[in-house]
Amino acid sequence: MTAKTPHLYREANLIQMLDPLSSDWNKAMPELDTTVTRTLVAALDFSRLNALFESFLQVMNVPIALIDLQGKVLASSRWQRACIQFHRQANPTLGRCLESDKDLALQLQQGKNYSIYRCGNGLTDCATPIVLEGEHIANLFMGQFFLNEPNTEHFIAQAKEAGFAQDDYMAALAEVAIVNESKLPAMLNMLGLLALQITELSLTNDRYQRSLQHTEQQVTQRTQELQMQNQILSQISEGVAL
């Protein structure tokens, strides 16, 4: 791996990154097992979050994702090749990815405002909870990235363990940003607030649309009832006239 200095800004459009939402492992994730949480999540439109996260990636070269409490990606920017093409493709490293997500989620469920975590595959994530109407519906993840220059020997050994093509794997790791740790809380707080505002607006809009649809159905039903009553009255009037 070539030497890199800590930074926040890189040309993200020069790096090949991939979409996790359509991946097989994400589609295979189980549904949420909490009825209230599942209902809230089902009502949300995440398309605006996808656009926000992708814009952040272009500026900072740090992937962002909203992940539910079971580990399913709900909204996301594109992710590092090291994650999509390598870590999430081999059983040993995929297991560590999912375990890392759950460990971070557990820390946040214990009341932390945010948590920084070095995943079992050697990269760093940080996360903050998204609480909507008192329900912890998901976690906002920022990462993965490095906090320091990576240990080449560790990743060479990991490539052998997982059966990765070493040169390709090391090239993918060389694309991962090195981020100044002191900047992480402010970045995460900003994104968390924006994500919460967007989810709140999405939920409000969903409820408004449902209420509007219900009102329209009631109006249609009442109109049909009045038409039927008018027909009956008309028939009665015609019968009396005769």
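**View 1. Leu-66 and its bridge partner in strand β7.** In this predicted model, Leu-66 has Leu-140 of strand β7 as its bridge partner. The strands involved are β2, which covers residues 64–68, and β7, and they pair with each other in the antiparallel sense over five bridges.

**View 2. Strand β6 beside strand β7.** Strand β6, made up of residues 124–132, also pairs with β7 in the antiparallel sense, and this pairing extends over eight bridges. One of the residue pairs to look for is Val-131 with His-136, the latter being its bridge partner in β7. The two strands β6 and β7 form a hairpin with two residues between them, and in the turn Glu-133 has a positive phi of about 50°.

View 3. Strand β7 runs over residues 135–145, and because ten of its eleven residues are buried, the strand is largely enclosed by the rest of the structure.

**View 4. Cysteines without a disulfide.** The structure holds zero disulfides. Cys-97 is accordingly in no disulfide, and the nearest cysteine sulfur, which belongs to Cys-119, lies 5.9 Å away, whereas a disulfide would need the two sulfur atoms to be within 2.5 Å. Cys-97 has a relative accessible area of 4%, so this residue counts as buried, given that the cut-off for buried is under 20%.

**View 5. Cys-126 in its buried position.** By the cut-off of under 20%, Cys-126 is likewise buried, because its relative accessible area is 1%.

How values were computed
Residues are numbered from 1 along each chain as its sequence is written. This is a predicted model: local features need pLDDT of at least 70, side-chain atom pairs count only at pLDDT 80 or more; totals for chains, interfaces and linings use all residues. Side-chain values use heavy atoms; hydrogens and water are left out. Buried means under 20% relative accessible area, exposed over 50%, partly exposed in between (1.4 Å probe, protein chains only). Helices (H or I, at least four residues) and strands (E, at least two) are DSSP runs, numbered from the N terminus. Two strands pair if DSSP finds at least two bridges between them.
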